[in-house]
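Hi,

Here is the structure I promised to pass along. Have a look at it first, and then read my notes below.

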Amino acid sequence: MYDIQHIREDFPILSREVYGRPLVYLDNAATTQKPLCVLDAMREEYLNVNANVHRGVHYLSQQATDLHEAAREKVRQFINAAKTEEIVFTRGTTEALNLVASSFCESQMQEGDEVLVSDMEHHSNIVPWQLQAQRRGIVVRHLPISDDGLLCLDDVEAYLTERTKLVSITHVSNVLGTVNPIEDIIAMAHSHGIPVMVDAAQSAPHFKIDVQAMDCDFLAFSGHKMYGPTGIGVLYGKEEWLDRLPPYQGGGEMIDKVSWERTTFERLPFKFEAGTPDYVATHGLATAIDYIERIGMDNIQAHEQELTRYCMEQLQSVDGIHIYGPQSSKLKVESSKDAVVSFNVGDIHHLDMGTLLDRLGIAVRTGHHCAQPLMARLGISGTVRASFALYNTKEEVDVLVQGIHRVSQMF
Ligand SMILES: Cc1ncc(COP(=O)(O)O)c(C=O)c1O
């Protein structure tokens with residue numbers, strides 16, 4: 001049984017009030033709240049274990065190193081990677097994407113070579129490639145999407161050319177909730193010998209990821225969007241690819257030997273981890289994964305899909321509402337839409353709607369959601385976005401829908 005009341009008790013922030021009203025937190029695609037077990041684990045490490053990792057022979061350093069490396073193993077299991085060498089800790093999805101953009105373009109791409117992204121990418125899967133386009137003359141191409149916010153596999157085939165060296169695609173859109181057919185895209189790219197990077201920032205918190213079954217070459221996600229701390233994320237890369245890429249940053253930890261004549265680099269994954277890692281955050285992330293696994297990813301997915309379906313249904317009662325992305329009437333929510341609902345109501349500006357909902361205690365995101373090219377494609381300046389996590393309830397969806405009715409009546 002999914003004991004939602006019990007789960008909510010793990011997140012004390014959910015019991016607070018804002019403007020004298022109970023908080024309804026529906027901005028989970030931006031960041032999730034943290035359960036007590038994550039906060040306790042990090043506090044305990046700072047209180048009783050704290051020491052720099054991989055460097056000291058002393059007891060505390062070894063204990064901190066053990067926790068840090070146990071976190072790597074936990075992440076490996078979480079995404080079913082073949083080896084811990086394939087798990088690189090980064091500050092988040094953004095840094096993982098920048099790492100691959102920089103190291104892949106430097107070593108694998110020539111001027112005129114192409115990277116293929118899509119019209120529904122977050123800026124962090126656009127701008128790193130654009131920086132490389134400016135620096136190295138690579139070309140960034142973007143797959144079109146349908147009005148319903150879906151990619152078409154025929155387009156993927158058509159956009160792969162002899163110059164395509166990498167496909168970098170989001171697994172789930174942070175605006176539309178679209179779940180892309182990532183296995184099919186990867187199989188298609190691989191049939192042309194092209195590797196694929198997956199932005200899993202919005203999928204890793206919501207359903208089971210199996211990088212070996214998916215057969216992706218790189219995959220990135222952020223700890224803070226899945227009940228872990230901020231400032232920690234993961235880059236998964238197939239060993240054969242990580243081996244081929246040059247380091248991203250230089251410094252301590254990532255070297256084998258340094259001399260004025262020649263510096264050699266550490267083995268994987270340390271080659272990509274310059275400087276002191278956030279070893280307390282890695283332990284926090286591992287604790288968050290334990291928490292997710294205790295509840296069960298399948299249970300979380302079922303709960304969030306039910307909320308998404310319910311929200312889409314209830315929003316139909318709002319006059320003039322336009323919901324962006326896959327429509328539940330046409331598609332099965334389960335297979336094509338994840339825990340994100342983006343909408344606008346008539347001519348009401350998304351910022352006005354968000355601000356007035358906030359006064360009712362409802363936290364939603366408004367604006368372009370770091371996806372300005374997608375906004376341009378949809379012909380809008382922004383949306384209101386409600387996004388769900390494992391602790392949200394149907395009652396909260398009801399409060400949201402009532403709030404939208406109330407705001408609509410003011411205009
Ligand atoms: C699809 C997607 N990719 C990348 C990111 C960037 O994640 P972070 O800011 O944690 O690096 C986000 C964050 O909203 C996202 O939704």
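**What I found**

Let me begin with a proline: Pro-269 sits in the loop that runs between strand S12 (263-265) and helix H10 (279-295). Keep in mind that this is a predicted model. The peptide bond leading from Leu-268 into Pro-269 is cis, and its omega is near -5°.

Tyr-19 isn't a glycine, yet its phi is positive, near 50°.

Now the overall picture. The protein chain has 15 helices and 17 strands. Its C-alpha trace spans about 70 × 55 × 35 Å along the principal axes. What radius of gyration would a compact globule with 411 residues have? It would be near 22 Å, and the protein chain has 22 Å, so the two agree.

Then there's the ligand. Where does it sit? The space it takes is the largest pocket. The residues around the ligand are these:

- Thr-93, Thr-94, His-122 and Ser-124, among others
- also including Thr-170, Asn-174, Asp-199 and Ala-201
- and, also among them, Gln-202, Ser-222, His-224 and Lys-225

By type, that shell divides into 9 polar residues, 2 charged and 1 nonpolar.

Gln-202 has a polar side-chain atom 2.6 Å from an oxygen atom of the ligand. For Lys-225, an N or O atom of the side chain is 2.6 Å from a ligand oxygen. His-122 also takes part, with a side-chain N or O atom 3.4 Å from an oxygen atom of the ligand. How much of the ligand's accessible area does the protein cover? On its own the ligand has 390 Å² of accessible area, and the protein covers 86% of that.

Cheers

Key:
Residues are numbered from 1 along each chain as its sequence is written. This is a predicted model: local features need pLDDT of at least 70, side-chain atom pairs count only at pLDDT 80 or more; totals for chains, interfaces and linings use all residues. Side-chain values use heavy atoms; hydrogens and water are left out. A residue is near a molecule or strand if one of its heavy atoms lies within 4 Å of it. A polar contact is a pair of N or O atoms within 3.5 Å; within protein, one must be able to donate a hydrogen and the other to accept it, and residues adjacent in sequence count only if both atoms are side-chain atoms. Accessible areas come from the Shrake-Rupley method with a 1.4 Å probe; for residues, only the protein chains shown count as cover. On a 1 Å grid over the protein atoms alone, a cavity is a set of points where a 1.4 Å probe fits but cannot get out, and a pocket is an open set with protein on both sides within 12 Å along at least five of seven lines; lining residues have an atom within 4 Å of a point. A molecule sits in a cavity or pocket if more than half of its atoms lie within 2 Å of its grid points. Ala, Val, Leu, Ile, Met, Phe, Trp, Tyr, Cys and Pro count as nonpolar, Asp, Glu, Lys and Arg as charged, and the others, Gly among them, as polar. Helices (H or I, at least four residues) and strands (E, at least two) are DSSP runs, numbered from the N terminus. The radius of gyration is taken over C-alpha atoms; the globule rule is 2.2 Å times the number of residues to the power 0.38.
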